[in-house]
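Open the structure in your viewer and keep the selection panel at hand. We will go stop by stop.

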Amino acid sequence: MSTAAPASNQLRMRELNVSNHLLDDRAALDAAWERDGYLFFRDVLDQGAVARLRGVYMSELDRLGVVNKDDPQALYNGKSLDNFPFRMEPLVERDSWRPVVSEPRISEFFQRLLDDQPFWIPTVEYRATPPTQERNPSRMDYLHQDGFYNVGIPFRICWIPLSVIDDAVGGLALAEGLHTGPYLHDVSKPPLFPIPNDAVPDGAWCRATYRPGDVLLMHINTPHSGLANYSDRFRLSMDIRLMGASGHTPIIGTLTALSSSSVSVIGDDGRTGKFTVDADTYCRGIDGKKVPLEEIPQRMKAGDRVIVAFVGERSTLIRPPH
Ligand SMILES: O=C(O)CCC(=O)C(=O)O
Ligand SMILES: [Fe+2]
């Protein structure tokens, strides 16, 4: 299968706006962000740092026997994926994101962009998406707004391609300018509240051919989805969440107590907190599903790693980092 052939009509999507020329112009960056709900930059992340992260993925894929480690294309060799760790758990366990964001040139870029120290939310997905034979008309993996499942953390999604992600490989598609309205998620359909298929007008969809060094920042409420991989290679990307350290950052640390009415946490940065829990607190498991209030105490326990977002005395979100 060639990645040069048009993969699907679906991909007659508009190109993302590129914002490199706006860097260092705070007002212009803010205006583009407000208008589009994203900022896309080409070739701004240190190539060495991106290559090192890609190397971590490739070593893991090689260990799993599904690629040749030195293949710049990450071609899938067709070996069974029966035991494939679809959420790349080995990288999750090793916290593979930390060395990347600690690289001075990477950190400097985000500081320049935010005009603030970057505060990283360790909600990270390491995606090594294999090709699929399935052809479903929408080609969307899962249309969603991160904000719906992360109430009270004003983060930006930071989506980083680690390989060339063209039409065939798919990558990420987003709905431009749809971050300002009410949530598109159907609140009458617990526990995942899916967005109805027709909620996004066709003309709003945008994507690009992504390359190592590029980065896409999305507003927390920008509707988006991964696109199924119709190529013959793995699609490699990492997504992590980011905000300015001077913003209203959540507490990331260890749970010390949890009931259906309150949560206590001790943060890695030394902050502690006790917050009320109510039916609107989005307490979620790793699958994103909302846990009913009465089941909350059974789902997590003292000692678990946790992110707690809050407004005043009230917790808005309790979730495992991953
Ligand atoms: O990369 C994908 O497939 C989806 C990414 C995503 O949902 C995110 O970055 O929030
Ligand atoms: Fe997302």
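**Stop 1: ligand 1 and its contacts**

Select Asp146: one of its polar side-chain atoms lies 3.3 Å from an oxygen atom of ligand 1. Keep in mind that this is a predicted model. Next, pick Trp159. A polar atom of the Trp159 side chain is 2.8 Å from a ligand 1 oxygen. Then go to Asp239, where a polar side-chain atom sits 3.4 Å from an oxygen atom of ligand 1. Now show the surface. How much of ligand 1 does the protein bury? Alone, ligand 1 exposes 290 Å², and the protein buries 96% of that.

**Stop 2: the pocket and its shell**

Ligand 1 takes up the space of the largest pocket. Colour β4 (156-161), β8 (224-227) and β9 (235-244): these are the elements that give two or more residues to the shell around ligand 1. Which of them gives the most? It is β9, with three residues. Now select the whole shell: Arg127, His144, Asp146, Ile157, Trp159, Leu172, His224, Gly226, Arg235, Asp239 and Arg241. Colour the shell by class, and you get three nonpolar, three polar and five charged residues.

**Stop 3: an aromatic pair**

Leave the ligand. Across the whole structure, a search finds 15 aromatic pairs. Select Tyr76 and Phe234. Their ring centres are 5.5 Å apart and their planes meet at 85°, so this pair is edge-to-face. Trace the chain from one to the other: Tyr76 is in the loop between α2 (47-63) and α3 (89-93), and Phe234 is in the loop between β8 and β9. The pair links distant parts of the chain, 158 residues apart.

Definitions and conventions:
Residues are numbered from 1 along each chain as its sequence is written. Chains are lettered from A and ligands numbered from 1 in the order in which they are written. This is a predicted model: local features need pLDDT of at least 70, side-chain atom pairs count only at pLDDT 80 or more; totals for chains, interfaces and linings use all residues. Side-chain values use heavy atoms; hydrogens and water are left out. A residue is near a molecule or strand if one of its heavy atoms lies within 4 Å of it. A polar contact is a pair of N or O atoms within 3.5 Å; within protein, one must be able to donate a hydrogen and the other to accept it, and residues adjacent in sequence count only if both atoms are side-chain atoms. Accessible areas come from the Shrake-Rupley method with a 1.4 Å probe; for residues, only the protein chains shown count as cover. On a 1 Å grid over the protein atoms alone, a cavity is a set of points where a 1.4 Å probe fits but cannot get out, and a pocket is an open set with protein on both sides within 12 Å along at least five of seven lines; lining residues have an atom within 4 Å of a point. A molecule sits in a cavity or pocket if more than half of its atoms lie within 2 Å of its grid points. Helices (H or I, at least four residues) and strands (E, at least two) are DSSP runs, numbered from the N terminus. Ala, Val, Leu, Ile, Met, Phe, Trp, Tyr, Cys and Pro count as nonpolar, Asp, Glu, Lys and Arg as charged, and the others, Gly among them, as polar. Rings of Phe, Tyr and Trp (its six-membered ring) pair if their centres lie within 6.5 Å; planes under 30 degrees apart count as stacked, over 60 as edge-to-face and the rest as tilted.
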